[in-house]
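Please read the points below alongside the sequence and the model.

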Amino acid sequence: MKKTFLYDEHIALGAKMVEFGGWEMPVQYKSILDEHKNVRENVGIFDVSHMGQVFVSGDEALNFLQKIVPQDVSKFSLNHAHYCQLPYSNGTLVDDLIIYKLENKYLIIVNASRREADVDWFKMNLGDMDAKIEDKSDEFSMIALQGPKALEVIEKAGIKKENQPKFFTISETKLFDFDIYLCRTGYTGEDGFEIICKNSDVVEIWKKLLELGKEFSITPVGLGARDTLRLEAALCLYGSDISEETTPIEAGLGWSIPKDKKEDYNGKKVILGQKNGEIPLTKKLFAFEMLDKAIARHGAKVFIDGRECGCVTSGSISPTLGKNIGLCLISFVGECEDLETSLNTNEKSIGTVIQIMVRNKLYNAKIVKKPFVEKKYVK
Amino acid sequence: MSIQQPEGILCSKSHEWVLDEGDTYKIGLTDYAVEQLGDIVFVELPEVDSEFAKGEVFATIESVKAASEIYMPIGGKIVEVNEELINSPELINENVWEKGWLVKVQSDTFAQDSLGLLEYEDYKEEVA
């Protein structure tokens, strides 16, 4: 199992470690609930060094990216971040990505567990295009600083608020004299930053941020709270909510996909067809809230009117709402075919009562709108 | 969890404790198990009068991350459940030996069922 350069810090902080995407990562330090709450109210610091960094450059970098993502990369502005997907030719997903447009190159953030699959897919799609793909994941570490007080911590660290990157942008800057990428992005639904730095600098950056964050009640936060935070914000997790079996439209990510991109891309026919309604969906991801007292976990079966029609992809308690929430994939095939018409718009689906099987008993839940907790992004 | 474990408890290798209270036996989870689970957010307890053999699942406890089944350390009939846990499952984290108990049972088989149980110190050594 791989260890991040912050491994010893986690152990020293008393973290409980678990395997995640081939990495040994902290799942919690003291309490998932407390860590979750502190990110919503103050600020939390996360080690996300398991995420990968792939740079794409060269004369045909743009053409290459245009081929592999549904987003229109020609419209990306300098230093802006974009949420993208990486579809196969049938429209289902190799991974989901954040792409930053930098001067003369692009920086792609990939999921830890998909790094090899992504790079293989990149290379397979490169053909004879004049673009260079450099997987630099082994050179960089990554820290996320999330929560309403993240800006103040970074200001205290020497970068004034007016010089901090705006929402969903990136800047190449210095933090404590170390060269970093400072990104106004995250995976919690809160305002905050992600800091990409050299492996050799990460321990010092981590320690300094924890130290000067004290007055803002900073706490280290593990993957346990990262998962409940992102679920409340209804952000998809690859491998749970999205996978090699779901298209971005089925996953409700159509908002990120333009209708008017001219260039062809992998899966375009299916993705655009589904987006335009020309190809009916065979399944769709919905958000639900439990009505009965039970927690529905990943894999739990979903029933509508007595018919088994899908399964839970993510499920947990929502520490912010004090309710049990989750995402589920509902199938529109076979005896559930009619659900396509009864659930195909938000107006129709929201409020629909479904049943979820937990320990061989059915519990009521209802479909609700996403996200569960409003995002606090400062745009 | 600074409160001392009650005198005379017996622990199972599946991390439950039993305390002989005269008429009934009180059953809970060990501090070690609770420490491993983390924040407990949901408890499903059996109905009063239901009967379980030693080793049967009688309750489910859920932490933020996962659900865990809880096994009877001895056989018996449930005579009382800790209703307070339904709305305050965190009592198990806060006070595992007193407020965090799960059920009270009557048992005719305690003598034989308790043979495989460990005294707290031996249990701690076993799981350490």
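1. A:Asp138 counts as exposed, because its relative accessibility is 53%; A:Arg115 counts as buried, at 11%. Here buried means under 20% relative accessible area, exposed over 50%, and partly exposed in between, with a 1.4 Å probe and protein chains only. This is a predicted model, in which local features need pLDDT of at least 70 and side-chain atom pairs count only at pLDDT 80 or more, while totals for chains, interfaces and linings use all residues. Residues are numbered from 1 along each chain as its sequence is written, chains are lettered from A and ligands numbered from 1 in the order in which they are written, and side-chain values use heavy atoms, with hydrogens and water left out.

2. A:Asp138 and A:Arg115 form a salt bridge, with 3.1 Å between the closest N and O atoms. A salt bridge is a side-chain nitrogen of Lys or Arg within 4 Å of a carboxyl oxygen of Asp or Glu. A:Asp138 sits in the loop between β9 (132-135) and β10 (140-146) of chain A, and A:Arg115 in helix α4 (residues 115-126) of chain A, so the pair ties together parts 23 residues apart in sequence. Helices (H or I, at least four residues) and strands (E, at least two) are DSSP runs, numbered from the N terminus.

3. A second pair in chain A is A:Asp179 with A:Lys174, whose closest N and O atoms are 2.9 Å apart. A:Asp179 counts as partly exposed at 45% relative accessibility, and A:Lys174 is partly exposed at 45%.

4. Which residue of chain B pairs with A:Arg359? The partner is B:Glu44, in a salt bridge of 3.5 Å, N to O. This pair crosses between chains, from the loop between β19 (353-358) and β20 (361-368) of chain A to strand β4 (residues 40-44) of chain B. A:Arg359 is partly exposed, with a relative accessible area of 30%, and B:Glu44 is partly exposed, with 22%. Elsewhere, salt bridges that share partners join A:Arg40, A:Glu190, A:Glu232 and A:Lys376 into one network. The structure holds 29 salt bridges over all chains.

5. A:Arg226 deserves a separate look. This residue lies in helix α7 (residues 223-232) of chain A. A:Arg226 is buried yet has no salt bridge, and the nearest side chain of opposite charge, A:Glu194, is 4.8 Å away. Beyond its neighbours within four places in sequence, A:Arg226 is in contact (heavy atoms within 4.5 Å) with A:Phe46, A:Val48, A:Met51, A:Tyr187 and A:Val221.

6. Chain A has 10 helices and 20 strands. Its radius of gyration is 21 Å, close to the 21 Å that the globule rule gives for 379 residues, so chain A is as compact as a globular protein of that length. The radius is taken over C-alpha atoms, and the rule is 2.2 Å times the number of residues to the power 0.38. Of the 379 residues, 59% count as buried.

7. Chain B has five helices and 10 strands. With 128 residues, a compact globule would have a radius of gyration near 14 Å, and the 13 Å of chain B agrees. Buried residues make up 52% of the 128. Chain B carries 8 positive (Lys and Arg) and 28 negative (Asp and Glu) side chains, with His and the chain ends not counted. The centres of the two sets lie 1 Å apart, each charge being placed at NZ of Lys, CZ of Arg, CG of Asp or CD of Glu.
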